[in-house]
Amino acid sequence: QLTSSLDTLSDPIWIKDKDQVYVYCNPAFEKLISLSKPEIIGYNDEEIQSLHVQLNQQIIPTITANQETGTTEEYVSLPYGNVDYFQVSIARTYDMNDQFFSSVGYAQKITPFKERESELVDAEIRVNEALKLTKVGIWEWDINKDIWFATPSYFTMLGYAPVEGMADRKAELEKIHPEDRHHVLDTINSILTSKTGPNYYKYQARIKHVDGNYRWIGVRCIVTEFDQEDKPARMLGVRIDIDEIQKAHDQVEWLAHHDSLTKLPNRAALNKTFHQIIKPNTKIALLFIDLDHFKNVNDTLGHTIGDQLLLTVADRMRALVDNLGYVARQGGDEFIILLPAENEEYLIEKTCAIKDALSARYNIDDHQFFITPSIGVSLYPRNGEDFDTLYLQADAAMYHAKHSGRNRYAFFTEEMQAISTRALTLGNALHDALERKEFSLHYQPQVSLITGKIIGAEALIRWHNQELGHISPAEFIPLAEESGQILAIGEWVLRETARQLKQWLDEGVAPVRIAVNLSYAQFQADDLPAIVAGILNEYAIPAEYLELELTERIATKDPEHTITILESFQQLGIRTSIDDFGTGYSSLSYLQKFPVYKLKIDQSFIRNMTTNTNDQVIVGTIILLAQQLGMTTIAEGVETKAQLDMINNIGCDDIQGYYISRPIPADEFKTSYLEKKQRLITVDD
Ligand code: C2E
Ligand code: CA
Ligand code: CA
């Protein structure tokens, strides 16, 4: 019974007598050594091997040779290069006289377990290697016994020699940067004392490298065991070197909040600071500082000098504000400063000091020059509660300072608010004005002082909006120039003038030359002559019917460009004139190269010339100059007979002004002037 039940077992079993001769084996054993019972029973191991030399030489001796009682693990190489692991158990039997009688062998295949085991060992080796590479340190802490262990990499990642066995936890805490230590200890304590909170924590801290420098280390840790009282008993932690990541992060953070040229905080950073420093009873001033004509420095001396100027400006402000307030760069040549405003007198004093410091002479490389600031000031909490509002208000005040002559400061007032609100409303309405056909042209006649007859007219744009009513071009043209809409509007004026001329021609009334105003943006475009020629062509209008007005300021901005464009117009047969003459900075050398036909003497001189001899002299000089250059002159803004007579005496050619007529709609202009052509004025000699 015993034998037949052993026969059914899948694990090999064999029995040898006291002389090592096989007396029994089961089929699993036969299979293992690839022999049948008759070839096994009655032989010992050596005999079997010598009789069957082709047999795998390994199996038999390794598995069956052992005679001692006990369990061993053996491994054997099988044919075809495989390896099998066996757990071999040997039991000895003894006869009644306690004499060794036989040995029973039993081999259990454990290859699958062995393979798992070796995989685990491999994995552990790999993990350890990986830990070394990634600079990851692992530690475990038995809290109650205060026993603390760490992997070698824990120490080596910061250059220390690894500690075998129990390590000194307190000594490790000493390596934390003093500024971070508090936070770290607090974090650990919060875990140790809390029963309800999370059972993990993470923190970042600077930890001392063996070379003495601190490196950023990230730590994550978890409680792995609690005691009977639910208190943490064991913790496992991991730490990684995040120094490079942290430094890159810090760098990005810095760049996001600073201006890279001056190293000053930017507006976003100042916004943060502002909200940190405001308290219920604080008073703070926000100064918006813009450099006057900074562009000139960049354009004439180059960007390198421009940058150095900005650096010097930043330094001067930093030195003055010191630790009283905060300086930030908004961008370009714009800066923002926060100053305490408890004492208004002091604030004004400080603002003046900043203005004076910035207007002092700059010595950069070999260049010496001056630049002035325009400063707008808004007050917290009087003008506004939040940074953005105060910023916009200070900006509005700065614009005001600029428009009232630059190199000055202005405090924000409600009135400025109204101005900028209106600008916003107009800007929005302007957007649709062309499409809604809200523009029209009025014509103001120009009269010759010699013949007393009409010689032309100036086309002046008019805007009527349903909600806003009539808006003066003096108000909306600058807005359109700022927003760029002036290009489309300017082209509409040219087209409308051409269309009107064509209509008059078709109606059989002889038109006069119409002068159209050009804006800076239009004049800057190189294709302006082509656009104008195209429009004239479209309506079949001879070039002599069009005159183009260019203000002196625009003409002198880039004189070379002006000459090129004016020459193109000359070739097209279109006359040009210089508007508002006397208010700009024409140099004689350029003026004589401008192929213009007429100078329009600015209204301001005409207005005052009857009372102000200075203006009288200026007008006289302009007329002489024009005569020398072969240009004609027209006096703008002539309102009275007295002005007319004086102008006539000095030798001006033509006049334009309310004395003759205000600008009037096309129909009225046609009936009153084009169809009559009578003598309009008589002048006293
Ligand atoms: P501007 O080119 O100097 O035009 C002359 C301005 O003086 C006109 O004002 C005109 O109405 C006004 N004026 C004429 N005679 C007299 C007078 O005897 N006394 C007084 N006090 N004023 C007189 P307006 O029409 O309000 O235009 C203002 C400015 O708007 C123009 O100054 C011009 O710079 C601009 N503008 C007008 N129409 C256009 C246009 O179609 N395109 C462009 N780019 N600018 C335009
Ligand atoms: Ca004009
Ligand atoms: Ca003018």
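These legends walk through close-up views of the sites around the ligands in a predicted model.

Local features here need pLDDT of at least 70, and side-chain atom pairs count only at pLDDT 80 or more, whereas totals for chains, interfaces and linings use all residues. Residues are numbered from 1 along each chain as its sequence is written, chains are lettered from A and ligands numbered from 1 in the order in which they are written, and side-chain values use heavy atoms, with hydrogens and water left out.

**View 1. The shell around ligand 1.** Look for the 21 residues that surround ligand 1, each with a heavy atom within 4 Å of it. Among the closest are Gln-444, Arg-462 and Glu-639. Strand S19 (454-465) gives the largest share, four residues; strands are DSSP runs of E with at least two residues.

**View 2. Polar contacts of ligand 1.** A polar contact is a pair of N or O atoms within 3.5 Å. A backbone N or O atom of Tyr-658 lies 2.8 Å from an oxygen atom of ligand 1.

**View 3. The calcium ion (ligand 2).** Here you can find four protein donors, Glu-458, Asn-517, Glu-549 and Asp-579, lying 2.1 to 2.3 Å from the ion. For Ca, donors are N, O and S atoms within 3.2 Å; water is not among the atoms, so the site may look incomplete. Asp-579 also bridges to the calcium ion (ligand 3), and the two ions lie 3.9 Å apart.

**View 4. Two donors, Asn-517 and Glu-549.** Asn-517 sits in strand S21 and Glu-549 in strand S22, 32 residues apart. Glu-549 counts as buried at 1% relative accessibility, while Asn-517 is partly exposed at 28%. Buried means under 20% relative accessible area, exposed over 50%, and partly exposed in between, with a 1.4 Å probe and protein chains only.

Conventions
Polar contact = N/O pair within 3.5 Å; in protein donor to acceptor, adjacent residues only side chain to side chain. Donors = N, O, S within 2.8 Å, 3.2 Å for Na, K, Ca; no water.
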